[in-house]
Amino acid sequence: MAAATESKRVAVVGAGPAGLCAAKHCRDASFDCTVFEQSGYLGGTWRYTDCTRTDEYGAPIHTSMYSNLKTNLPKEVMMFPGIPYKNEKDSYLTSEEVLEYINDYADKFQLRSLCKFHHLVTKISRRESEWEVTVEDLQNKASCTYYFDILFICNGVNNTPFTAHIEGVEHFRGCSMHSHEYRKSESFLGQRVLVVGGGPSGMDLTEHISRCADKVFMSHHSKTIKNLRFRSNVEIKPDVRRLLEHSVEFTDDSVEDIDTLVYCTGFSKNYKFLDESCEITEDQGLVYPL
């Protein structure tokens, strides 16, 4: 019986919804839980910031949140059991409402005290029966090492921007960016913009950018969105054949001048902080044994 009730040391990487939920249940089980969060806030990708690429400490920006985003899933499938959103009327909520919900969850169960903010996990190793977690304290510019019995990886399943290779990209002299860096449509005022990708981000950013851009070309090969209607300044295009200095050539032989290219080509997994001793492998997008 003593072994069953023995307190375990638990590390949680990330203070987003998954990390906070893991921390809550671990503490309910009387485990000694520590949450490492590289930013200074709760909420993970749901927290908006104007910053892109790196923060004030040089750590990579994790969030892809952009202005005026609303959920593409109803809140009813985004709730913790028995904890409703304040907004009972609408199913599709703003990102601000989701972030408030996450913070309220953390406060309800007093989870902030478990979090080490501005702590970036740089390396995790397996040492016999323990997890060795090396963390950089970004504010104090110090490296610390901790040891745990249990490890939760909660930094997001798909968290690293993936950019598809396009022929001639090295010759293109316009601006190129990934949807991860998109924040506000006003920055595209008066531009001709190419959006590559027909997934949720591609459709949403096409809608947002077209509010300010002169022209938006949406390039995709999806068969499921052909009947969608956008603003009159949006033109649906097939796949890109190649990029030129100031224009793009599509597979239908048409050529259009563009100022900015926006990749809406998704994200890939990133567990670079797990060294070989962790025995974590990836195959066709699946990570084992996570």
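Colleague: How many helices and strands does the protein chain have?

Modeller: The secondary structure comes to 4 helices and 19 strands. Bear in mind that this is a predicted model.

Colleague: And what does the C-alpha trace span along its principal axes?

Modeller: About 70 × 45 × 35 Å. The chain has 290 residues, and 42% of them count as buried. Its accessible surface comes to about 16100 Å², with 50% belonging to carbon and sulfur atoms.

Colleague: Now H2. How far apart are its end C-alpha atoms?

Modeller: They are 17 Å apart. Helix H2 covers residues 17-28, and its 12 residues should span 16 Å at 1.5 Å a residue, so the two values agree.

Colleague: Which residues of H2 are buried?

Modeller: Gly19, Leu20, Ala22, Ala23, Lys24 and Cys26.

Colleague: What covers them?

Modeller: The cover includes strands E1 (9-13), E2 (32-37), E3 (115-117) and E7 (150-153), along with helix H3 (95-108).

Colleague: Switching topic. In what order do E13, E14 and E15 sit in their sheet?

Modeller: The order is E13-E14-E15, in an open sheet with antiparallel pairing. Strands E13 (240-243) and E15 (255-257) are the edges, each pairing on one side only. From one strand to the next the twist averages 25°.

Colleague: How many bridges join E14 to E15?

Modeller: There are 3, with E14 taking in residues 247-250. Glu249 stands opposite Val255 of E15.

Definitions and conventions:
Residues numbered from 1 in each chain as written. Predicted model: local features only at pLDDT ≥ 70, side-chain atom pairs only at ≥ 80, totals over all residues. Heavy atoms only, no water. Helix = DSSP H or I, 4+ residues; strand = E, 2+ residues; numbered from the N terminus. Expected span 1.5 Å × (residues − 1). Buried < 20%, exposed > 50% of the residue type's maximum accessible area, 1.4 Å probe, protein only. Contact = heavy atoms within 4.5 Å. Pairing = 2+ DSSP bridges. Axes fitted to C-alpha atoms, helices over the stretch in contact; angles between N-to-C directions. Areas by Shrake-Rupley, 256 points an atom, 1.4 Å probe, with all protein chains shown as cover.
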